[in-house]
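Me: I would like to learn how to read contacts, cores and domain interfaces in a model like this one. Could we go through them step by step?

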Amino acid sequence: MIQYFDPKTDSIINPIHAQRDLGTPEKFSTTEITLDIDGVSITVPQGTSVLRAAAILNINIPKLCASDNLEPFGSCRLCMVSIEGMRGMPASCTTPVKAGMKVQTQTPALAKLRRNVMELYISDHPLDCLTCPANGDCELQDMAGGVGLREVRYGFSGENHLDASTDTSNPYFDFDASKCIVCSRCVRACEDVQGTFALTIEGRGFDSKVVAGQNQSFIDSDCVSCGACVQACPTSTLMEKSIVEMGQPDHSVITTCAYCGVGCSFKADMQGEKVIRMVPDKNGQANQGHSCVKGRFAFGYANHKDRITSPMIRNSIDEPWQKVSWQQALDFTANKFRSIQEQHGRNSIGAITSSRCTNEETYLVQKLVRAVFNNNNVDTCARVCHSPTGYGLKATLNESSGTQTFQSVMAADVILVIGANPTDAHPVFASMLKRRLRQGAKLIVVDPRTIDLVNSPHTKAQHHLKLRPGTNVALINAIAHVIVDEALLDNDFITRRCNDLAFSKWFEHIKDARHAPENTWQITGVPAQEMRAAARLYAKANNGAIYYGLGVTEHSQGSSAVMGIANLAMATGNIGREGVGVNPLRGQNNVQGACDMGSFPHELPGYRHVSDTTTRHLFENAWQVELDHEPGLRIPNMFDSAINGHFKGLYCQGEDIAQSDPNTQHVQQALMAMECIVVQDLFLNETAKYAHVFLPGSSFMEKNGTFTNAERRISRVRKLMQPLAGKEDWQVTVALAKALGYEMNYAHPSEIMDEIAALTPTFNGVNYALLDKLGSIQWPCNEQAPEGTPVMHISDFVGKQGKFAITEYVATPEKVNKHFPLLLTTGRILSQYNVGAQTRRTDNQIWHEEDRLEIHPHDAEERGITPGDWVGIASRAGTTALRATISKRMQPGVVYTTFHHPLSGANVVTTNNSDWATNCPEYKVTAVQVTQVSEPAKWQAEYREFTARQHHFLNKASEPFNDIS
Amino acid sequence: MSHSSTSHLIEMANQIALNLSHGREQLECISEIAKHIQRFWAPSMRLQLIALVALDNPQIHQRVNIAVTQLSDYSAPT
C-alpha cells in the first residue's frame, strides 16, 4: 500500500523538537526519584539535577554557566534555590535530586541575591545591547531581564575589561573578549564535547580570561573550529561571523549534513531563503548536538561563483560549451544514448550514482539504468571505498552493514580501531570515542601511521600496532590465532549462533603456527609480544568493539580483512548488544544509502542479487518492464570496457571519477574513448572537463529527501531554498527518463520513498510521516521492528547463523623493489572533504591549501629532502610532485598523502590493483620512489594546460538561442 | 582487446583463485571461483575470459582454466 505523504503538511519549519536547554545533561538510571518543586511533583531518574528537573516542568531557574550538554560547573551562582532542610542556598545545577526534596525556586532572598550577581556581571560588560550581534539571542540579556536588574550601583568608571580586543583570526567566528563573562562554557565544551582541550581560563579572580592554546589566536591554537564553543557561549563573545554581518535568523529548518558518514542533524538558521548559520540539532540521534568544522561552517560552496546553473552541451571536448535549455540538453542526451545503444548494443551505456545525493535520487538512477537503459551497468562510489564491507559482512553476518549505533561506543570497554582515522574523518564520532576513553575504556589502534587518536589530550592508546601497509590480513589472522591458541574463544556464543562446519574449518585453519604473531611479525612488522597483548586485551574485554575504515577495505584483500574482522567479533561473542560489534565507518553522508538502494551492477535495492527471480519479478511488476538478470559492469570494468571500445556512454551523477578513482591516466584514457559523457554536478569538476553534457545539480540545501548514515540511520534532508538551476537532482533523472520514453510520476520525494518501502523488506515501515515523528529511523524497519533497529543481530544473524570465513594472507602484487622502494598510503584531513569540490570552495582552504607528502625523517635524510621541498613521487602507474612534510608519525619505508586537490595528482600514482572480490582499488598500497625535484611533474604541466583550456571553453559558453525550459 | 585490459582481466581472475584456495579442497575451490565469477562479472567479461582460456593463455591460473567450464556462458569446443 502506498502511503501518501502530503507535502502541504510538511511545513518548512518542521516541528523543531524542544531545542530548549534543560541545564544539565540527562542521566539514566533505573531508580526513579520523586520530588516537589514549587509545589509541583515530578519524578526523574536518579542523578538528575534539581535545575534539570525544574526545567522539565518548564520552571526555568535562571542560569548562565550551565548548559545541558556539559557537566555542571556551579560558577555563576544564579541558579541558587531554597531547599527545605538544606542550609543556605545551594546551586540547583550541582545539586542532585533526592527523594522527598522540597524546592522553592523563587523567594525574596533568592531574587535579591540573583540581582546582586547580575549586577556584578553587568558592571564589567559593554552596554551596547541594541547594536550587539547577540541582540535577540543573549542569555545575559535574558537573565538581566529575568531577575529584574534596574541599576548598577558600582558605576562604570572602575577597572574593567571593556577594551579587550576581538580575535578575528578564525574564518568563521569571532572571539570578542570584551563581552566575556568567564562562565567557562566554551572551555568545558572544548573539553567534554569535542575533546580537543584547546581552551583554558588563564589567570585568577578579576584577571581570569579565556585563552586559546598558549595564549595564541584561535587559528594558531589547537582549535579545530568545530563551533562547540560558539554554540555554548551565552553572550556575543564567541559569535558566528555570519550573524555579526546579517543578524538573527527569522526561521529554522532541521536537515542533515551532506559531508561525512556521521550524518549530523543540523538546524539551518535562515533569513528568507538564505542560510545564515548551521547549528547542530541537539536532538540529532547521530551527533547529539555536536558537529565539525565542515557541516557547521563550510556550506558556502552552494553559492560559490563556480556554481553552474545552466545545462550545457557540446559535441566534443575540444569545443566550447553551449548553454541550452533543460529540454534541449535532455533531448540531446537521449538521442545520443539511444543511438549509441543502437550501434554498440544495450550494454554500451551505464551510470554512476552519488553518495552526495539522496536515497530517492539514487534509487531513481538505478531504476533509470535498469528500466530504461535495459542493463545493470550502474555502480556507485562505494565501489572505491566500502564495497568490501558489503561483500565481507554479507558473507559472515548475513547483512551488508554495521551492527551498532555510534552511541554504543559509550558502553565499550575495549575499542579496536583498524585502518581508520576518526578524529579527521568522523570527527563527531571521534569526540564521543575520546569521551569514552577518558572514562577509562582501552584503545588499540592498527595503523601504519601514528594517527592523532594514538596520543590525544587525556587519552592514549594502550597498543599501537604500527604495521606495514598491505599486511592487514596477516595481522588480523595473528590476533585470531592468539584467541584460539590461548583459549579465549567465546564457545557458548559460537555454539549458539554460528555455523558448526564453517567454524571448525576456520579453527583448523587458524590454529596453524604460520599465523602466530611470532611468525607473522616478519610480514607485519609488529612485534609478537605487542600483538599478543593487544589480542588478549580485545578478547578478554567484557565489551569489545571494532571500528574500521578504508585502511581495511582499500586493499587487494579488503574483503578478506573485513571477513577477518567479523571472525574476531564472532569468536569473542562481541555481537548483538550495546558496546560491541563490527562498525564500518562509512565515509560519506549517503554511501550507505546508495548501497541500500541497489545502485550496484549485481544487486537490486535491499542487497538482492539480480539473478534472484522472485525479487526481479517484484520490480518488473512495479516498473512494468523486463529486467536483465545478469550482473553489469563495475566502475573499473566500465573503464576497461571503454578503452576496449565497447562502453561509450555514461550518466555520472555527483561523482568525480577523474579525481577520485585510481590511476588517473587510465581513467582519462577511458573517458576520452567514450562518445557521450553526461555529468550532473554543481561545478565543472575534473570529470566534467571530459564531458559532452553538463546538467546542473542541486546541493543538499536545495532538495527534499533522505540520507542514510553509517549507523543505517535514515534522516530527512529538507529543502531550504529553491534549486539554483531550477530542478532538484531527482527531477533531472525523471526528466531524462521521460526524454528516453519512460514516465516516472512523482510529485514529491516522499512518493519515491513509498515505492522503495513497498519493494524492499528492510525498508517496509519507512515513510516520511514516521521519519518526522521519530526524527530518524535505523533500518531494518518493518513489521518485526516498527520503529527501526539500533543494534543488529541480537538473537540471530538475519534469521540464520553467522559463518566464519577462511582468510589466508595473500601478499599484494604491488611489490617494492629497488626502483620503487617506499610504500605510499593515502588518507584524509579534517578540514577538507574527499576530492575537495565542496570544501575547497569555502574558507576551509585556510587550513589545507595543498596536499603534502609526509615522509619519515630517515627516508627524507637519505634523499636530501628538507621540509617544504618539492618532491617527485613515481610509481609504476605515473609520476606527480608535491611538497614534503617531514614527520615522525610515519614509519621508515612508508610515505603518505591526501587527495583533496586535483593538481596534487595523488591518483596519477595509484594503480589498478584492487580487492579480489569487489575491485575496490588498493589506494593504500602503492610502491613508489620519492626524489627531490625542481619542477612539477609532466602530468601536472599537462593538467594545468588541459584545465586552462576547459575553463576557457566554460567561460566562452554561448547563451541559448531561445529560453525554452 | 587491448593488451593491458587482457592482462588486467587475467590478473583479476587469478586473484580470485588465489584468495579462494585456502581451507578448501580443490574441487570446492574451483566451484567457488566459478560461482564468484558468475555472480559478480558481467557476461562480456566472462566471455572474454572464456576466450582467453580457449587460447591456452599461460598466465591463467590452472584452477581458473577449469572453473570457466562451469560458467553458464561456457560451451564446450566441438
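Me: Which residue forms a salt bridge with A:Glu603?

Reply: This is a predicted model, and in it the partner of A:Glu603 is A:Lys394, with the closest N and O atoms 3.5 Å apart.

Me: How many salt bridges does the rule find across the interface of domain 2 and domain 3 of chain A?

Reply: The rule finds one salt bridge across that interface, along with seven residue pairs in polar contact, both residues of each pair being at pLDDT 80 or more. For orientation, the domain assignment gives domain 2 of chain A as 312–384 + 591–774 and domain 3 as 387–584.

Me: What area is buried between domain 2 of chain A and domain 3 of chain A?

Reply: About 960 Å² is buried between them, and carbon and sulfur atoms give 42% of that area. On the domain 2 side, A:Tyr607, A:Glu711 and A:Arg712 lose the most area to domain 3 of chain A, together accounting for 48% of what that side buries. In terms of contacts, twelve residues of domain 2 meet 13 residues of domain 3, while the C-alpha centres of these two domains of chain A lie 35 Å apart.

Me: Is A:Asn398 buried or exposed?

Reply: A:Asn398 counts as buried because its relative accessibility is 11%, and the cut-off for buried is under 20%. A:Asn398 sits in the loop between helix H10 (387–397) and strand S17 (414–418) of chain A.

Me: What does the side chain of A:Asn398 reach at 3.0 Å?

Reply: The side chain of A:Asn398 reaches the backbone oxygen of A:Phe797 at 3.0 Å, and it also makes a polar contact with the side chain of A:Lys803 (3.0 Å). Leaving aside neighbours within four places in sequence, the residues in contact with A:Asn398 include A:Val798, A:Lys800 and A:Gln801.

Me: Which residues have the most contacts inside the largest nonpolar core?

Reply: They are A:Phe218, A:Leu238, A:Met278, A:Ile415 and A:Met701, in a core of 69 residues. Helix H12 (residues 427–438) of chain A gives the most to this core, with five residues, and the core draws at least three residues from each of domain 2 and domain 3 of chain A. A second, separate core has 64 residues, among them A:Val372, A:Val625, A:Ile756 and A:Trp779.

Technical notes
Residues are numbered from 1 along each chain as its sequence is written. Chains are lettered from A and ligands numbered from 1 in the order in which they are written. This is a predicted model: local features need pLDDT of at least 70, side-chain atom pairs count only at pLDDT 80 or more; totals for chains, interfaces and linings use all residues. Side-chain values use heavy atoms; hydrogens and water are left out. Helices (H or I, at least four residues) and strands (E, at least two) are DSSP runs, numbered from the N terminus. Buried means under 20% relative accessible area, exposed over 50%, partly exposed in between (1.4 Å probe, protein chains only). A polar contact is a pair of N or O atoms within 3.5 Å; within protein, one must be able to donate a hydrogen and the other to accept it, and residues adjacent in sequence count only if both atoms are side-chain atoms. Contact means heavy atoms within 4.5 Å. A nonpolar core is a set of buried Ala, Val, Leu, Ile, Met, Phe, Trp, Tyr and Cys residues joined through side-chain atoms within 4.5 Å. Domain bounds come from an automatic or database domain assignment. Buried area is the accessible area (1.4 Å probe) that two parts lose on being put together, summed over both. A salt bridge is a side-chain nitrogen of Lys or Arg within 4 Å of a carboxyl oxygen of Asp or Glu.
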